[in-house]
Amino acid sequence: VQRALPHLDNGTVAIDPASVDPKTQVVLSSKPPETIPETARLFDWPGEYETKDIPINGFSAFTKPKKEDGTSEGERTVIFRFSVDGITICHLGELGHTLSNEQIERIGNIDALMIKIGEGSNLDKKKALEIIESIEPRIVIPMGSADMTSALSTMGIQAPVAEPKLTIKSASSLQTDDMKYVLLEATS
(Lines give C-alpha, C1' and ligand atoms only; values in the text may rest on other atoms or scores of the structure.)
Protein backbone atom coordinates (compact mmCIF):
# COMPACT_ATOMS: atom_id res chain seq x y z
CA VAL A 1 0.00 0.00 0.00
CA GLN A 2 1.44 3.35 -1.01
CA ARG A 3 0.41 6.31 1.05
CA ALA A 4 0.80 9.29 -1.24
CA LEU A 5 0.90 12.80 0.09
CA PRO A 6 0.88 16.20 -1.58
CA HIS A 7 2.07 16.54 -5.14
CA LEU A 8 5.23 18.56 -5.53
CA ASP A 9 5.81 19.84 -9.06
CA ASN A 10 4.34 16.69 -10.62
CA GLY A 11 5.94 14.49 -7.97
CA THR A 12 4.81 12.81 -4.79
CA VAL A 13 5.89 12.16 -1.22
CA ALA A 14 5.46 8.49 -0.32
CA ILE A 15 5.59 6.92 3.15
CA ASP A 16 6.55 3.26 3.61
CA PRO A 17 5.66 2.41 0.00
CA ALA A 18 5.51 -1.17 -1.25
CA SER A 19 6.14 0.25 -4.71
CA VAL A 20 6.91 3.77 -5.81
CA ASP A 21 5.55 5.75 -8.73
CA PRO A 22 8.41 7.02 -10.94
CA LYS A 23 7.27 10.62 -10.28
CA THR A 24 7.80 10.22 -6.53
CA GLN A 25 10.37 12.76 -5.34
CA VAL A 26 10.52 12.05 -1.60
CA VAL A 27 10.31 8.69 0.19
CA LEU A 28 10.00 8.50 3.98
CA SER A 29 10.65 4.97 5.13
CA SER A 30 10.30 3.64 8.67
CA LYS A 31 11.35 0.20 7.42
CA PRO A 32 13.77 -0.75 4.62
CA PRO A 33 12.12 -0.06 1.23
CA GLU A 34 12.20 -2.63 -1.55
CA THR A 35 13.14 -0.23 -4.35
CA ILE A 36 12.81 3.46 -5.08
CA PRO A 37 13.34 5.51 -8.26
CA GLU A 38 16.81 6.96 -8.76
CA THR A 39 15.25 10.44 -8.81
CA ALA A 40 13.66 10.09 -5.34
CA ARG A 41 15.28 11.25 -2.11
CA LEU A 42 15.10 8.52 0.56
CA PHE A 43 14.91 9.35 4.26
CA ASP A 44 15.02 6.28 6.48
CA TRP A 45 16.93 7.42 9.54
CA PRO A 46 16.29 9.67 12.56
CA GLY A 47 17.31 13.30 12.25
CA GLU A 48 16.29 16.73 11.03
CA TYR A 49 16.38 17.46 7.34
CA GLU A 50 14.61 19.45 4.64
CA THR A 51 13.91 18.73 1.00
CA LYS A 52 11.59 20.34 -1.53
CA ASP A 53 10.78 22.97 1.16
CA ILE A 54 9.46 20.22 3.45
CA PRO A 55 10.91 20.23 6.98
CA ILE A 56 11.19 16.63 8.18
CA ASN A 57 11.99 15.29 11.66
CA GLY A 58 12.65 11.62 12.17
CA PHE A 59 12.57 10.13 15.68
CA SER A 60 13.85 6.74 16.81
CA ALA A 61 11.33 4.26 18.16
CA PHE A 62 11.03 0.49 18.43
CA THR A 63 8.70 -2.20 17.15
CA LYS A 64 8.31 -3.64 20.66
CA PRO A 65 8.10 -2.12 24.16
CA LYS A 66 11.20 -1.68 26.28
CA LYS A 67 11.97 -4.26 28.91
CA GLU A 68 12.31 -3.34 32.60
CA ASP A 69 16.07 -2.89 32.18
CA GLY A 70 15.47 -0.22 29.49
CA THR A 71 16.51 -2.32 26.51
CA SER A 72 14.22 -3.36 23.67
CA GLU A 73 13.79 -6.67 21.90
CA GLY A 74 12.26 -4.88 18.95
CA GLU A 75 13.79 -3.50 15.83
CA ARG A 76 14.28 0.20 15.25
CA THR A 77 11.63 2.13 13.39
CA VAL A 78 11.35 5.81 12.57
CA ILE A 79 8.53 8.18 13.45
CA PHE A 80 8.27 10.98 10.88
CA ARG A 81 6.90 14.47 11.52
CA PHE A 82 6.76 16.86 8.59
CA SER A 83 4.86 19.87 7.29
CA VAL A 84 3.50 20.54 3.84
CA ASP A 85 1.68 23.79 3.03
CA GLY A 86 1.21 24.55 6.74
CA ILE A 87 -0.28 21.13 7.53
CA THR A 88 1.70 19.04 10.02
CA ILE A 89 1.62 15.27 9.61
CA CYS A 90 3.02 12.52 11.81
CA HIS A 91 3.52 8.94 10.63
CA LEU A 92 4.29 6.54 13.49
CA GLY A 93 5.91 3.86 11.35
CA GLU A 94 5.98 0.38 12.88
CA LEU A 95 5.72 1.72 16.45
CA GLY A 96 5.21 -1.01 19.06
CA HIS A 97 5.18 0.89 22.36
CA THR A 98 3.56 3.85 24.04
CA LEU A 99 5.36 7.15 23.67
CA SER A 100 7.47 8.77 26.35
CA ASN A 101 6.72 12.33 27.43
CA GLU A 102 9.86 13.41 25.58
CA GLN A 103 8.68 11.75 22.35
CA ILE A 104 5.24 13.34 22.65
CA GLU A 105 6.85 16.73 23.21
CA ARG A 106 9.13 16.28 20.18
CA ILE A 107 6.18 15.27 18.00
CA GLY A 108 4.31 18.39 19.11
CA ASN A 109 1.05 19.66 17.61
CA ILE A 110 -0.16 17.48 14.76
CA ASP A 111 -2.91 18.07 12.24
CA ALA A 112 -2.96 14.50 10.84
CA LEU A 113 -1.70 11.36 12.60
CA MET A 114 -1.06 8.17 10.65
CA ILE A 115 -1.07 5.15 12.98
CA LYS A 116 -0.98 1.44 12.24
CA ILE A 117 -3.67 -0.47 14.16
CA GLY A 118 -5.45 -3.80 14.03
CA GLU A 119 -4.17 -7.02 12.51
CA GLY A 120 -0.47 -6.83 11.67
CA SER A 121 0.11 -3.85 13.96
CA ASN A 122 2.69 -3.81 16.74
CA LEU A 123 0.22 -1.95 18.99
CA ASP A 124 -2.70 -3.39 20.91
CA LYS A 125 -5.88 -1.31 21.02
CA LYS A 126 -5.16 0.09 24.49
CA LYS A 127 -1.70 1.39 23.48
CA ALA A 128 -3.02 2.75 20.17
CA LEU A 129 -5.77 4.71 21.93
CA GLU A 130 -3.31 5.99 24.55
CA ILE A 131 -0.98 7.25 21.80
CA ILE A 132 -3.81 8.91 19.88
CA GLU A 133 -5.10 10.60 23.03
CA SER A 134 -1.62 11.78 24.06
CA ILE A 135 -0.93 13.39 20.67
CA GLU A 136 -4.46 14.80 20.18
CA PRO A 137 -4.35 15.23 16.39
CA ARG A 138 -7.20 16.80 14.47
CA ILE A 139 -7.35 13.86 12.05
CA VAL A 140 -6.45 10.22 12.69
CA ILE A 141 -5.66 8.09 9.65
CA PRO A 142 -5.63 4.44 10.77
CA MET A 143 -3.55 2.07 8.65
CA GLY A 144 -2.62 -1.57 8.41
CA SER A 145 -5.63 -3.80 8.95
CA ALA A 146 -7.46 -5.42 6.05
CA ASP A 147 -10.67 -5.01 8.04
CA MET A 148 -10.26 -1.54 9.49
CA THR A 149 -13.95 -1.29 10.42
CA SER A 150 -13.56 -4.24 12.82
CA ALA A 151 -10.22 -2.95 14.12
CA LEU A 152 -11.73 0.44 14.95
CA SER A 153 -14.86 -1.18 16.40
CA THR A 154 -12.77 -3.16 18.92
CA MET A 155 -11.30 0.20 19.98
CA GLY A 156 -14.80 1.62 20.52
CA ILE A 157 -14.61 3.86 17.45
CA GLN A 158 -17.27 3.91 14.75
CA ALA A 159 -15.45 3.65 11.42
CA PRO A 160 -16.26 6.23 8.77
CA VAL A 161 -16.79 5.25 5.14
CA ALA A 162 -13.47 4.72 3.33
CA GLU A 163 -12.52 7.51 0.96
CA PRO A 164 -10.26 7.28 -2.11
CA LYS A 165 -8.19 10.26 -0.95
CA LEU A 166 -7.98 12.91 1.72
CA THR A 167 -7.76 16.54 0.70
CA ILE A 168 -6.90 19.15 3.32
CA LYS A 169 -7.15 22.67 1.93
CA SER A 170 -5.47 24.33 4.91
CA ALA A 171 -4.76 23.76 8.59
CA SER A 172 -7.41 26.37 9.44
CA SER A 173 -10.05 24.33 7.56
CA LEU A 174 -9.64 21.44 10.01
CA GLN A 175 -12.09 21.06 12.87
CA THR A 176 -10.66 21.98 16.24
CA ASP A 177 -13.20 20.57 18.69
CA ASP A 178 -13.30 16.86 17.84
CA MET A 179 -10.86 14.36 16.46
CA LYS A 180 -11.92 13.02 13.07
CA TYR A 181 -11.07 9.50 11.88
CA VAL A 182 -10.50 9.16 8.14
CA LEU A 183 -10.26 5.80 6.40
CA LEU A 184 -8.44 5.74 3.09
CA GLU A 185 -9.08 3.07 0.48
CA ALA A 186 -6.10 0.79 -0.02
CA THR A 187 -4.12 1.29 -3.23
CA SER A 188 -1.48 -0.93 -4.67
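The stops below begin with the overall fold and then turn to selected residues.

**Before starting**

This is a predicted model, in which local features need pLDDT of at least 70, side-chain atom pairs count only at pLDDT 80 or more, and totals for chains, interfaces and linings use all residues. Residues are numbered from 1 along each chain as its sequence is written, and side-chain values use heavy atoms, with hydrogens and water left out.

**Stop 1: the whole chain**

Helices (H or I, at least four residues) and strands (E, at least two) are DSSP runs, numbered from the N terminus. Followed from the N terminus, the order of elements is β-β-β-β-β-β-β-β-α-β-α-β-α-β. The radius of gyration is 16 Å, close to the 16 Å of the globule rule for 188 residues, so the chain is as compact as a globular protein of that length. Here the radius is taken over C-alpha atoms, and the rule is 2.2 Å times the number of residues to the power 0.38. Along the principal axes, the C-alpha atoms fill a box of roughly 45 × 40 × 30 Å.

Next, switch to a surface. The chain exposes about 10,500 Å², of which carbon and sulfur atoms supply 45%; the areas come from the Shrake-Rupley method with a 1.4 Å probe, and for residues only the protein chains shown count as cover. Of the 188 residues, 46% are buried. Buried means under 20% relative accessible area, exposed over 50%, and partly exposed in between (1.4 Å probe, protein chains only).

**Stop 2: an aromatic cluster**

Select Phe43, Trp45 and Tyr49, which ring pairs link into a cluster. Rings of Phe, Tyr and Trp (its six-membered ring) pair if their centres lie within 6.5 Å; planes under 30 degrees apart count as stacked, over 60 as edge-to-face and the rest as tilted. By this rule the chain has three aromatic pairs. One of them, Phe43 with Trp45, is tilted, at 5.6 Å centre to centre and 40° between the planes. The ring centres of Phe43 and Tyr49 are 4.5 Å apart and their planes meet at 15°, so this pair is stacked. Which of these residues are buried? Phe43 is, at 1% relative accessibility, and so is Tyr49, at 12%, whereas Trp45 is partly exposed at 39%.

**Stop 3: Val84**

Move to strand β7 (residues 76–84) and select Val84. Val84 is buried, with a relative accessible area of 7%.

**Stop 4: Lys31**

Select Lys31 in the loop between β3 (24–28) and β4 (41–43). Its relative accessible area of 38% makes Lys31 partly exposed. What does Lys31 contact, leaving aside neighbours within four places in sequence? The partners are Asp16 and Glu94, where contact means heavy atoms within 4.5 Å.

**Stop 5: two positive phi angles**

Asp53 is not a glycine, yet its phi is positive, at about 65°. Asp53 sits in the loop between β5 (47–51) and β6 (54–62) and is exposed at 70% relative accessibility. Glu136, also not a glycine, has a positive phi of about 55°. Glu136 lies in the loop between α2 (125–135) and β10 (139–143) and is exposed, with a relative accessible area of 60%.
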